[in-house]
Each structure stands twice: as structure tokens, then as C-alpha cells.
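Welcome, and please have a look at the model below before reading on.

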Amino acid sequence: SAMVMVKTQVENTGTAITNATLTAAIVDESGHTIASEKSSLSVAANASAEAPLQINVTSPKLWSVDHPNLYTMHISITNGKKILDEYDQPFGIRTIKYSSTDGFLLNGQRVKMNGVCIHHDGGCVGAAVPLKIWQQRLQKLKDMGCNAIRTSHNPQSPEFLDLCDKMGFLVMDEAFDVWEGAKVKNDYHLYFDEWHQKDLVAQIHRDRNHPSVVLWSAGNEIHDQSSARGTQLLKELLAIFHAEDNTRPVTTGS
């Protein structure tokens, strides 16, 4: 069995306290609800509240590179019979482990990562890549025996990660191309101090439910890494990663 931990942030933008019922239901790929739990909550005006739930799944279909089984978490917030909000979050159930003797273990089985680095663009079509092009590119890689992707040098689109979930790729999800030290005049070093924590937290929250993501990267070819200041910056970034997601290790690109 598997225990699915669900944390839902509920915001009340109204002017009065709201009493509601939150229902979290796990739906399989056939559209059948296999497990669900409910929670009652009161949210003050112009405030938010977190509703934690634990849902037990018996005999789950595990996600893997050969069998990328997925589920959907359907969240509904109701007040009586009135539906206040609904949200669907795809996810997968799997275990990962990194061992100094056995390498990478997926669901307890050793898996050799045969990977490539892929940038965010689609060649001549630019950065707004049609989904069909990603499907074709990923299928060609899959046919070649590739099962792992590093998203150099910045966060990929959510649609790209959705495809990796569905097609069975292992992903190293990379965040930054620079920290404080510049590579070119107008790059992210101008905004790092003010924005790195907000941007990194947003990326982790967006991507942490993707079963394909098995590794985070805090940066690529970072000039700061060779300095004492760079060591301190990396420690700060690691603290953010581990606070927002303690299920995956963190590395840096070189």
C-alpha cells in the first residue's frame, strides 16, 4: 500500500469567515475514484488555511520508466451543496533512492540513467514550442534508449514535464544559470538577490508533484561556485530546496 500526503492551501478572498468541506479524491486512469478523504475547515476573511490529509491506496500501480502509471488528485471545496472551487492535480506513486553501491533505485529496482540535456527551445520554432514537437522529440529519444533528461539551463514548461510523466522519463529539474556573478551584462544576476527565493519556491511548488522529477539542480556553470561566497549561496539554496521538498536530492550542473 501507499500513503498519499495531501496539503491543500485554501484562500478566502471574501469579507466574512467561510466554513467549508474539502474533499480529496484519487482517480485512476480509467476515471474511477479509488480512495478519498474529507476535512472540515474555517477560513477567516482575507486569509488562507492549509488542509492536510492522508489517503491510503491499496495495491497502487507504481510509476516507472517502462510503466508510467498516473493518478489524478481531484480536490473540491464545498459549502453545503455549493461547489466553491475544484482542482485536478496529476501525480504518480513511486519510490526513489540513491545508493553509493547500487546507484539509482526506482521502486527498489536499479535503473541506469541514459540521459541527455535539453534546452527550453524547439530549435527554429523558438521558445513557444508546440506540444506535438515535444512529443516527436521525446519519442525519438525514447526509441534511442534515452530515459533521463536534464532541463538545462532553466525551468522547462509544465507541459514538457507532463509529457515526461506520461512517457516515462527521469528528469533533473534545473533552476538557475547564474547566481550573483554575471555571465553577460543583463542576465539573472541583476535579480538574484531579490527574486531567487520567490522564483525557486514557485518552481518547486509547481514541479514537485511530477513523478518524473527525481533530482533538483541548483544551477549550471555557476561562476560563484569557486568562491567562499558561492559555497554560502549554495547552502542557502539547498535549505530552500529541502524545506519545500525533502524527497529528492539536489545537485548542480557543470
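This is a predicted model: local features need pLDDT of at least 70, side-chain atom pairs count only at pLDDT 80 or more; totals for chains, interfaces and linings use all residues.

Residues are numbered from 1 along each chain as its sequence is written, and side-chain values use heavy atoms, with hydrogens and water left out.

- Helices (H or I, at least four residues) and strands (E, at least two) are DSSP runs, numbered from the N terminus.
- Buried stands for under 20% relative accessible area, exposed for over 50%, and partly exposed for what lies in between, using a 1.4 Å probe and protein chains only.
- Two strands count as paired if DSSP finds at least two bridges between them.
- E13 pairs in the parallel sense with strand E12 (residues 170-174) over four bridges, and Val-171 stands opposite Val-213 in E13.
- E13 also runs parallel to strand E14 (residues 250-253), with three bridges joining them; here Asn-220 has Gly-253 in E14 as its bridge partner.
- A right-handed β-α-β unit is made by E12, helix H3 (residues 192-207) and E13.
- Another right-handed β-α-β unit consists of E13, helix H4 (residues 228-244) and E14.
- Right-handed here describes a crossover whose path from the first strand over the helix to the second runs clockwise, with the strands pointing away from the viewer.

**Aromatic rings and charges**

- Rings of Phe, Tyr and Trp (its six-membered ring) pair if their centres lie within 6.5 Å; planes under 30 degrees apart count as stacked, over 60 as edge-to-face and the rest as tilted.
- By this rule the model has seven aromatic pairs.
- One of them is the edge-to-face pair of Tyr-188 and Phe-192, with 6.3 Å centre to centre and 85° between the planes.
- Tyr-188 counts as partly exposed, at 23% relative accessibility, whereas Phe-192 is buried, at 1%.
- Trp-216 and Phe-241 form a tilted pair, with 5.8 Å centre to centre and 35° between the planes.
- Trp-216 lies in strand E13 and Phe-241 in helix H4, so this pair ties together parts that are 25 residues apart in sequence.
- Both Trp-216 and Phe-241 are buried.
- Phe-176, Tyr-188 and Phe-192 are linked into a cluster by ring pairs.
- A charge sits over a ring if NZ of Lys or CZ of Arg is within 6 Å of the ring centre and within 35 degrees of the ring normal.
- Lys-142 lies over the face of Phe-169, at 4.9 Å from the ring centre, and Lys-198 over the face of Trp-195, at 4.8 Å.

**The E7-E8-E9 sheet**

- Three strands make an open sheet in the order E7-E8-E9, with antiparallel pairing.
- Strand E7 (96-99) and strand E9 (109-110) are at the edges, each with a single partner strand, so one side of each has no neighbour in the sheet.
- E7 and strand E8 (residues 103-106) are joined by four bridges, Tyr-98 having Phe-104 in E8 as its bridge partner.
- The hairpin of E7 and E8 has three residues between the strands.
- E8 pairs with E9 over two bridges, and Leu-106 stands opposite Gln-109 in E9.
- The hairpin of E8 and E9 has two residues between the strands, and Asn-107 takes a positive phi near 55° there.

**The largest pocket**

- On a 1 Å grid over the protein atoms alone, a pocket is an open set of points where a 1.4 Å probe fits, with protein on both sides within 12 Å along at least five of seven lines; lining residues have an atom within 4 Å of a point.
- The largest pocket has a volume of about 1700 Å³, where volume is the space filled by probe spheres set on the points, and grid points are joined across faces, edges and corners.
- Its lining has 42 residues, of which Met-5, Val-6, Lys-7, Arg-208 and Asn-209 lie nearest the centre.
- E1 gives the most to this lining, with eleven residues.
- H3 and H4 are among the elements that each supply at least two residues of the lining.

- Val-10 is in strand E1 and counts as buried, at 9% relative accessibility.
- The C-alpha atoms of Val-10 and Ser-226 are separated by 43 Å, and the two residues are 216 residues apart along the chain.
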